Amino acid sequence: MRTAVVVVDDGGLIVSANGAAQSVLGRGFEELVGRDSHDLLHRDSHGHAPPRARCRLRGALLAGRTEHGDSEWFARGDGTLVRLSWLVAPCSFGSEEQGALVLLYGSDRGVSDEGVDEAPAPLTELDRLSLLAETTTQLTSTLDVDEALRRLAALTVPRLADWAVIDLLTERDEVRRALVTEHKDGILVEREDLQGPMPPVPEESPMPLSRALRGAASSLADPATYLGPPDSGIAVEQGRLFAGTGMHSAVIAPIRGLRDVLGALTLGRSKRPGAFTAADLPLLEDIARRAGLALDNARLYQRQRKVAETMQRHLLPQLPTVPGVEMTARYVPAPHASSVGGDWYDVFALTGSSHALVIGDVVGHDLDAAAGMAQVRNMLRAFAWSQPQATPSAVVTQLDDAVKHIAEVPMATMILATLALGDDELWRLSWTNAGHPPPLLVSHDGRARYLTDAHGILLGTGMVRPRPDTVTVLPPRTTVLLYTDGLVESPHHSIDHGLDRLRRHAASLAHRPLESFCELLLEQVRPDDNDDDVAMLALRMPTRA
C-alpha cells in the first residue's frame, strides 16, 4: 500500500510498518517494531503523549473497533511533529492473534520544525489530575536520584514550561544546581554550564529561591526580581540563570521530604508568551511535593545501599600473597537485591606452606543470607585453623555438624580446598565439594575441564554422609576457577548449558591476564536474566623454573 500503515497487536504494540509509514514517521523498522504505539507516536497539542485513558486511538485499538480521527499530532524520529489523520481497522494475524491496521494519511500542515506552533491551551482540571498521577507513577518507579530528576524535568517540560531547574540541598546543607534543562528542537537538552555548586542559603533573604530552599513558600519570579543589588550569592546566580536562559517568567516551589527541605523546583518560560500566575502555584506545589517523596525514598535507598556495600566489603576478605601464585576475586551482587548476599570466597594461610581456598553460597541474596554467610565463614576459619593438617572433608564434616546446631542458615554449598607446593615444585590442590558447582581447570593452551571428583551433599540437610577428598596436580600456568552458581544458572536454560558456556569461554580466554580473564568471563558468561549474586576466585600457577 502507498498509504502509511502500522500494524499493532491487541495490546497496542507495533508488529510491523510499511515503507510509507517509516518515511512519514521518520523511523526505521527496528525503531518501530516492539514499541508501544501510543507512547512512541501519538502526541497532543502540547507536544506530549496524551493520557492513555483519554486517547481515542488507543481506545479503539484495545476495544477492537473501527474508528477515525482527523488532524492529530504524531512524533517523528527526529523529534519534530507531523499532523495526520488516522483510521483504525481490526484484523487477525492467525487463528488466535488479534490486532489492528492503523492507516496514517493526509498531512495538512506538513512537518513542523518547531513542533506545534500554536500557543498551548491551558490545562483542564482533568489534565492536571492526569499530570499529577503520571508524576507519582514516574517518580516512584525509580530509586536513582539522577533518573528521578530527569523524569521530573520531562514531565514538566514542555508541558508547563520551556525550562526546568532543580536545586538540591546536600546533607551538609550545601546547595547544588543539579539540573538545568530546556526544550529545544523537540528534545530536552541539559545546560551543563549552568549546573554545579551554588552559594549557601541566606537565612533572612526574601528572594524567591532562597525562600523556597528554606521551605518558606512558593513564589513567582521574573528578570526584574533580580535587577537590584543582589543580597546574596544565590541572587547573583539567579540573575545569571535568567540572563543565560532568556526566561521572562518563572515559578519556584520548595521540594520537601518527610522531614527536611530537599531543594527547589523552578519552571521557566522563555519562548511561550504567557507568564506564570498565582493560579499556577498550587499545581507546581503538588508536583514538587510528589517529587520530594520520591527523592526522599531514593536518598534513603542510596544510603542503605552504601551501608550494605560497606558491610559486604568487610565480610569479604583481602586476598593474601602466595609467592609465585597469581590470585584475584570478584563479587557481583544480585541485580535486584540489597548489594549483599550469601555468596562468598575466602583465602587464608593454614601453615607456612599451605593455604585454604573457599568458595561458598548460603541460600538467599539479602541481608539475612549475608549474616548467615558470615557465621559459616567464621566457623570454617576457626575449624580449619585449629587443625591445619586435617583433610578438607574432615573440616567440612565438622562445619556441617555445627551449622545444624549453631548457625541460622537453612542450607549452603561450598568447596574447601588446600593449596600446597610439593617437593617436585608443582602445586597441588586437595579439595572436597559440598554440593557446589565443580571447579574449572584451564590449561594455558586452552584446554578446560571440570574437577567433578570429591562431590558430597550440601550443608544443613541433617543427613550424615561420608565426604570424599581428591588431590590434583596443577601444571605450570594452569588457571583454577572457583565460582558460585549465579555465573552459570539461568531460569531459561539448564545448568549443563551454563557450565558448557563457562567452559568454552574460559578456554578461549586462557591466554588473557588473570584480571581481564575474570572481567571478560563475567561480561560474556553471566546470563542476562540472572537474578543471583556471583562470587569468583581465580588462581594462576607460576611457570616452573
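**Before you start**

The model is predicted: local features need pLDDT of at least 70, side-chain atom pairs count only at pLDDT 80 or more, and totals for chains, interfaces and linings use all residues. Residues are numbered from 1 along each chain as its sequence is written, and side-chain values use heavy atoms, with hydrogens and water left out.

**Stop 1: the whole chain**

Show everything as a cartoon. The protein chain has 13 helices and 25 strands. Both are DSSP runs, numbered from the N terminus: helices are H or I with at least four residues, strands are E with at least two.

Turn to the overall dimensions. Along the principal axes, the C-alpha atoms fill a box of roughly 85 × 70 × 45 Å. The radius of gyration is 31 Å, whereas a compact globule of 545 residues would have one near 24 Å. That radius is taken over C-alpha atoms, and the globule rule is 2.2 Å times the number of residues to the power 0.38.

Now colour by burial. Of the 545 residues, 50% are buried. Buried means under 20% relative accessible area, exposed over 50%, and partly exposed in between (1.4 Å probe, protein chains only). The accessible surface comes to about 25500 Å², and carbon and sulfur atoms account for 52% of it. These areas come from the Shrake-Rupley method with a 1.4 Å probe; for residues, only the protein chains shown count as cover.

Contacts come next. Take those between residues at least 6 apart in sequence: 61% join residues at least 24 apart. Contact means heavy atoms within 4.5 Å.

**Stop 2: the largest cavity**

Rolling a probe the size of a water molecule over the atoms shows where empty space is left. The structure holds 3 cavities of 30 Å³ or more. On a 1 Å grid over the protein atoms alone, a cavity is a set of points where a 1.4 Å probe fits but cannot get out; lining residues have an atom within 4 Å of a point. Grid points are joined across faces, edges and corners, and a volume is the space filled by probe spheres set on the points.

Select Val-6, Val-8, Ser-37, Leu-41, Leu-57, Phe-74, Val-102 and Leu-104, which line the largest cavity. Strand S1 (4-9), helix H3 (37-41) and strand S6 (98-105) each give two or more residues to this lining. The volume of the largest cavity is about 60 Å³. Its lining has 7 nonpolar residues, 1 polar and no charged. Here Ala, Val, Leu, Ile, Met, Phe, Trp, Tyr, Cys and Pro count as nonpolar, Asp, Glu, Lys and Arg as charged, and the others, Gly among them, as polar.

**Stop 3: the second largest cavity**

This cavity has a volume of about 50 Å³. Select its lining: Leu-350, Ala-356, Ala-384, Gln-387, Pro-388, Ala-390, Pro-392, Val-395, Leu-416 and Thr-418. Helix H11 (392-405) and S18 are the elements that give two or more residues to it. By class, the lining divides into 8 nonpolar, 2 polar and no charged residues.

Stay on Thr-418, in strand S18. Thr-418 is buried, at 18% relative accessible area. Beyond residues up to four places away in sequence, Thr-418 touches Leu-350, His-355, Pro-392, Arg-428, Leu-429 and Ser-430.

**Stop 4: backbone details**

Select Val-157 and Pro-158. The peptide bond between them is cis, with omega near 5°. Pro-158 sits in the loop between helix H6 (145-156) and strand S8 (163-169).

Go to Glu-425, in the loop between strand S18 (412-421) and strand S19 (427-434). Glu-425 is not a glycine, yet its phi is positive, near 65°. Glu-425 is partly exposed, at 46%.

Ala-454 also has a positive phi, of about 60°. Its loop runs between strand S21 (448-450) and strand S22 (455-456). Is Ala-454 buried or exposed? Ala-454 is buried, with a relative accessible area of 7%.

**Stop 5: two loop residues**

Select Asp-453, in the loop between S21 and S22. Asp-453 is partly exposed, at 45%. Setting aside neighbours within four places in sequence, its contacts are Trp-431 and Thr-470.

Finish at Leu-458, in the loop between S22 and strand S23 (470-474). Leu-458 is partly exposed, at 25%. Its C-alpha is 4.3 Å from that of Gly-435, 23 residues away along the chain.

Notes
1 Å grid on protein atoms, 1.4 Å probe; cavity = no way out; pocket = protein on both sides within 12 Å on 5 of 7 lines; lining within 4 Å.
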